[in-house]
Amino acid sequence: MKQKMQSRLTNIGRNLYKDNAGKVYIYDKRKNLAYTLDKNNQLKFQLVRCRFIIPITVGFLIYYYLPNYPLSVSIGLICFVLLQFYYHQRFLPELPMTNRFELPAKESMMCKLSNNEASVLVKRIIGAILIGSLFIWNLFEMQISIDDFRMITDWNRTLMLLLSLAMILVTFTSSVMVGTILVQKNRKGNNK
C-alpha cells in the first residue's frame with residue numbers, strides 16, 4: 001500500500017526519518033522507497049535494527065561457553081542470515097510504502113550543534129571536560145612514564161596508553177569546538 005508524504009522530515013537515525021506529524025519512516029536507498037513505521041511495529045523494528053549486533057553477540061557467547069571457533073562463527077552467520085531474511089522478506093513488505101520521499105538536506109555537525117540551546121552546549125562542554133579528565137586520571141592510575149613510549153614490548157599497556165591519549169585529545173577538542181559555537185552564539189545574541 002503506497003502513501004504520499006508532505007511534512008518536513010528530520011533525520012533521527014541511520015535511514016530513519018520523522019516528519020512533523022510524528023510518523024517514522026525507514027528509507028531504503030536501493031529502491032528509493034520509504035516505509036512507514038507505526039507504533040505496532042516499533043518493537044519488532046528495534047529487534048531487526050540490531051540484526052548486525054545480535055549475531056556477533058551470539059557468536060561471542062557461544063565461543064565463551066563452548067570454545068569452538070568454527071561452531072561459533074557458523075551459528076553467528078546463520079543468525080545473521082536469518083535476521084536479514086526476516087527484515088527484507090517479511091518485515092519491510094508488511095509496512096505501508098511511500099514513493100514520494102525526498103531526503104532532507106544534510107546539515108554539518110557544526111550546524112546541528114549551533115541549533116542547540118546555550119544550556120545544552122554548556123552541558124556538552126562540561127561532559128567532554130569530565131570525560132577527558134577521567135582519561136587523564138586513568139593515565140595516572142596506570143603510572144605511565146615517558147619510557148613507556150620507547151618500550152613497545154608490552155602491547156596491552158601501549159594500546160591502553162594510545163587509546164587514553166586519543167580519547168583525551170578527542171574530548172578536549174570537542175569541548176573547544178562546542179565552546180567556540182557557544183561564544184559565537186552569545187556574540188550574535190549580544191549584537192541584536
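Reader: Which residues form the nonpolar patch on the surface?

Author: Keep in mind that this is a predicted model. The nonpolar patch is made of Leu61, Tyr64, Tyr65, Leu66, Leu71 and Ile75. Together they have about 640 Å² of accessible area.

Reader: And which helices each supply at least two residues of it?

Author: α2 (53–65) and α3 (69–94) do. α2 gives the most, with three residues.

Reader: Where is Ile75, then?

Author: Ile75 sits in helix α3.

Reader: Why does Ile75 count as partly exposed?

Author: Because its relative accessibility is 30%, and partly exposed covers the range between under 20% for buried and over 50% for exposed.

Reader: OK, switching to charges. Which residues form the positive patch?

Author: Arg14, Lys29, Lys106 and Lys112 make up that positive surface patch.

Reader: Let's take Lys106. Where is it found?

Author: Lys106 lies in the loop between β6 (97–100) and α4 (109–114).

Reader: Is Lys106 buried or exposed?

Author: Exposed: Lys106 has a relative accessible area of 83%.

Reader: Now the inside. What about Ser164, buried or exposed?

Author: Ser164 is buried, because its relative accessible area is 1% and the cut-off for buried is under 20%.

Reader: Which helix is Ser164 in?

Author: Ser164 belongs to helix α7, residues 155–191.

Reader: And what is Ser164 in contact with, leaving aside neighbours within four places in sequence?

Author: With those neighbours left aside, Ser164 contacts Phe135, Asn138 and Leu139.

Technical notes: Residues are numbered from 1 along each chain as its sequence is written. This is a predicted model: local features need pLDDT of at least 70, side-chain atom pairs count only at pLDDT 80 or more; totals for chains, interfaces and linings use all residues. Side-chain values use heavy atoms; hydrogens and water are left out. Helices (H or I, at least four residues) and strands (E, at least two) are DSSP runs, numbered from the N terminus. Buried means under 20% relative accessible area, exposed over 50%, partly exposed in between (1.4 Å probe, protein chains only). Contact means heavy atoms within 4.5 Å. Patches are made of residues with over 30% relative accessible area and no salt bridge: like charges are joined within 9 Å, nonpolar side chains (Val, Leu, Ile, Met, Phe, Trp, Tyr) within 5 Å. Accessible areas come from the Shrake-Rupley method with a 1.4 Å probe; for residues, only the protein chains shown count as cover. A salt bridge is a side-chain nitrogen of Lys or Arg within 4 Å of a carboxyl oxygen of Asp or Glu. Lys and Arg count as positive and Asp and Glu as negative; His and the chain ends are not counted. The place of a charge is taken as NZ of Lys, CZ of Arg, CG of Asp or CD of Glu.
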